[in-house]
Amino acid sequence: MTHYQHETAIVDPGAQIGEGSRVWHFVHVCGGARIGAGVSLGQNVFVGNKVVIGDRCKIQNNVSVYDNVTLEEGVFCGPSMVFTNVYNPRSLIERKDEYRDTLVKKGATLGANCTVVCGVTIGEYAFIGAGAVVNKDVKPYALMVGVPARQIGWMSQHGEQLDLPLSGHGETICSHTGATYRLTDGQCVRL
């Protein structure tokens, strides 16, 4: 076996788990899941059939990654954060054919107890604060907080808030890495 799997974890036949990944206590990975290398699935994590998890993602305790969720490389899912896949669920109405795709791009952080409503895209290295509710697309490097989530700043790839205005133009240097970030017309990029 090329990955670690705790004896209480259930990995259904057909699931793909990459080299060096760790599957901890009471995890359930469904048979159609595709999980990359170096991934950590914390205690009590559930991974659905139609889920793709990229290399080096960290899924903390008590997170359910439901069908139609894709996490690119290096995504951090904080403890007890929530994904959904049906926008308007009802117990008495079958809506499995209405699942909406959710995409979390490379390096994004989803803080503890935040909720990501299905059908959104969260940009590269975006940072969703603890307890926030994301119900619309999030720009790369955006710092989002609140219910519903609203942007209050920009974050570096290192995970530090950048000295940039919310809109307009600007340029700053990450004090930890020396990398330069430029804001142009409401879009932040690392140079």
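I count Ala, Val, Leu, Ile, Met, Phe, Trp, Tyr, Cys and Pro as nonpolar, Asp, Glu, Lys and Arg as charged, and the others, Gly among them, as polar. By that scheme, the lining of the largest pocket divides into 8 nonpolar, 7 polar and 2 charged residues.

I note that this is a predicted model, in which local features need pLDDT of at least 70, side-chain atom pairs count only at pLDDT 80 or more, and totals for chains, interfaces and linings use all residues. Residues are numbered from 1 along each chain as its sequence is written, and side-chain values use heavy atoms, with hydrogens and water left out.

Pocket. I looked up the volume of the largest pocket, which is about 190 Å³ (the space filled by probe spheres set on grid points joined across faces, edges and corners). A pocket is an open set of points on a 1 Å grid over the protein atoms alone, where a 1.4 Å probe fits, with protein on both sides within 12 Å along at least five of seven lines; lining residues have an atom within 4 Å of a point. Of the 17 lining residues, F76, G107, A108, T109 and Q157 are the closest to the pocket centre.

Contacts of L71. I then listed the residues in contact with L71 (heavy atoms within 4.5 Å). Leaving aside neighbours within four places in sequence, these are V52, I53, G54, C57, I59, C77, F83 and V104.

Sheet. I traced an open sheet of 9 strands with mixed pairing, in the order β1-β4-β7-β10-β13-β16-β19-β21-β22. Strands are DSSP runs (E, at least two residues), numbered from the N terminus, and two strands pair if DSSP finds at least two bridges between them. The edge strands, β1 (4-5) and β22 (150-154), each pair on one side only. β1 pairs with β4 (residues 22-23) in the parallel sense over 2 bridges, and Y4 stands opposite R22 in β4.

Technical notes:
Helices (H or I, at least four residues) and strands (E, at least two) are DSSP runs, numbered from the N terminus.
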